[in-house]
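Let's take a walk through a protein model together, one piece at a time.

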Amino acid sequence: SQPWKSIEPIGLDAIKQLTIAFQADTNPNKILLGEGVYRDDDGKPVVLKSIREAEKILYEKKLDHEYAPVTGVASFCKGSKKFAFDPKNQEQDDRIATVQTLSGTGSLRVAAAFLNKFLPKDTEVYFPDPTWGNHNSIFNDAGFNGRIKKYPYFDAKTGGLAADGFLAAIEKMPKGSVILLHACAHNPTGVDPTREVWKKVSKACKDRELVVFFDSAYQAFATGNEVDDAWAYRYFVEEDGHQVIVTQSYAKNFGLYGERTGALHVVTGSKQEATAVTSQLAVIIRAMYSSPPIFGARVVSTVLNDENLLKQWRVDVKEMADRIRKSREALVYELHQAGSKRDWSHITDQIGMFAFTGLTPEQVERLIKEQNIYMTKDGRMSISGLNTKNIKTVAQAIHKVTS
Ligand code: PLP
């Protein structure tokens, strides 16, 4: 038989397609400001000092390569829970179900499968508008097709948060809906609620009895401090008693992109509930990929459980966050130097890996075609692709297409 004959080729999402187009570009001066991967000032990938140290320790241990348990490396799960929540007592610790996952994406996928299996079949899930493109694909794939809705998040006029619209939308969500929030460094906009707004969001979600879902892909990468970047969901749990879900990625903050290292946390009401939830997550994982990879989990667990390495990691992650922040300032400075009269202050107000520049799809198209500078059509720029060597060129090119 020829069962595949009628299959049509299909492109990946816009971000992956952009990388492919960039790689095909033969211009030696091309610049990629697309995917959210950290680069140093020479545009090179970075392995953190703390990670190198952990690798050495692991190498010396001559560990075996046996399967991890279905729920992952135990010391990693324990360390991840502390890293995410820093539980205030044993009772709080006991009622958080934690499993290891295939980075943030895998965590989202397992969580979506869990929600689809255990929430009422008509439950809707609400994403910020805009959100990371893969959220849609992941939840569709897990069975939420037709039940994915948006809530206002970004105010294009100010380049900031549409706080009023956001809060008003929550009040209209059907009770029991799932609301997806970005824990920090919102992707693609770089716009996060202030703590005052977070408090209102928490209260509004409580009033609507929503299932609160935090995607935490950038803990410590945004501000350089893991406590500040976990503030929102810790507040939801500790102050308002939300039983949140947190999907945690170690791709950016530990630089472990390809190691697919992440965790899924489900805050429950009791130790017994947490045990039951963990067992159900294990069933989902067993059928999906049986058990997670061990290397990244061992690396993270080595760092999290060693005071000196943790100290070094804090220096490493701060260095990344600081370079991103300085690049934002430098870009705005160079835009003005290039003669731009526009207000670019949103670029320095925003935080994390991305800036939502406000460039139109046509302007981005010109940047790609005329200047060989690649970013997604929505005007999202990966700040980490900027460095002291290319920032002037980028600023001049942006000024050219926006004036
Ligand atoms: N969630 C958001 C908002 C992201 O930006 C990303 C990565 O870009 C992820 C989740 C998951 O990334 P990974 O699967 O590499 O951990």
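This is a predicted model: local features need pLDDT of at least 70, side-chain atom pairs count only at pLDDT 80 or more; totals for chains, interfaces and linings use all residues.

Most peptide bonds are trans, and most residues other than glycine have a negative phi. Now go to aspartate 129 and proline 130: the peptide bond joining them is cis, with omega at about 5°. You'll find proline 130 in the loop that runs between strand E3 (125-129) and helix H6 (134-144). Proline 188 sits in the loop between E7 and helix H8 (195-207). What about phi? Glutamate 209 isn't a glycine, yet its phi is positive, near 55°. Look for glutamate 209 in the loop between H8 and E8.

Next up is the sheet. Strands of a sheet pair through backbone hydrogen bonds, and they can do so in parallel or antiparallel fashion. Here, seven strands form an open sheet with mixed pairing, and the order across it is E2-E10-E9-E8-E7-E3-E4. At the edges are strand E2 (96-102) and strand E4 (148-152), each of which pairs on one side only. If you ignore direction, neighbouring strands of this sheet are turned by 25° against each other on average.

Let's zoom in on one pair in that sheet. Strand E7 (residues 178-182) and strand E8 (residues 211-216) run parallel, and five bridges join them. Which residue of E8 is the bridge partner of leucine 181? That's phenylalanine 214. There's a helix resting here as well: H7 (residues 163-172) packs on the sheet and touches E4 and E7. The direction of H7 makes about 140° with that of E4.

Now for helices packing on helices. Two packed helices are described by the angle between their axes and the distance between the axes. Take helix H12 (residues 295-304) and helix H13 (residues 307-337): their axes are 6 Å apart, and the packing angle is about 100°. An angle from 65 to 115 degrees counts as roughly perpendicular, so H12 is roughly perpendicular to H13. Where they meet, H12 brings Thr302, Val303 and Leu304, while H13 brings Leu309, Leu310 and Trp313. Sorted by class, this contact of H12 with H13 has five nonpolar residues, one polar and no charged ones.

H12 has another partner, helix H2 (residues 49-61). The axes of H2 and H12 come within 9 Å and cross at roughly 105°, so these two are roughly perpendicular to each other as well. On the H2 side the contact is made by Ser50, Ile51, Ala54, Glu55, Ile57 and Leu58, and on the H12 side by Arg298, Val299, Thr302 and Val303. The residues of this contact divide into six nonpolar, two polar and two charged.

Finally, find the ligand. There are 13 residues around the ligand, and Ser103, Gly104, Thr105, Ala217 and Ser249 come nearest. Which helix gives the largest share of this shell? Helix H5 (residues 103-118) does, with three residues. By class, the shell has four nonpolar, eight polar and one charged residues.

To step back, an unreviewed UniProt entry annotates residues 29-398 as "domain: Aminotransferase class I/classII large". That span is 48% helix and 15% strand, and its end C-alpha atoms lie 16 Å apart.

Note on methods
Residues are numbered from 1 along each chain as its sequence is written. Two strands pair if DSSP finds at least two bridges between them. Helices (H or I, at least four residues) and strands (E, at least two) are DSSP runs, numbered from the N terminus. Axes are lines fitted to C-alpha atoms, for helices over the stretch in contact, and angles run from 0 to 180 degrees between N-to-C directions. Two residues are in contact if their C-beta atoms, placed from the backbone, lie within 7 Å. Angles under 35 degrees count as roughly parallel, over 145 as roughly antiparallel, 65 to 115 as roughly perpendicular and the rest as oblique. Ala, Val, Leu, Ile, Met, Phe, Trp, Tyr, Cys and Pro count as nonpolar, Asp, Glu, Lys and Arg as charged, and the others, Gly among them, as polar. A residue is near a molecule or strand if its C-beta atom, placed from the backbone, lies within 6 Å of it. UniProt positions are given in the numbering used here, feature names are shortened, and annotations may be inferred rather than shown by experiment.
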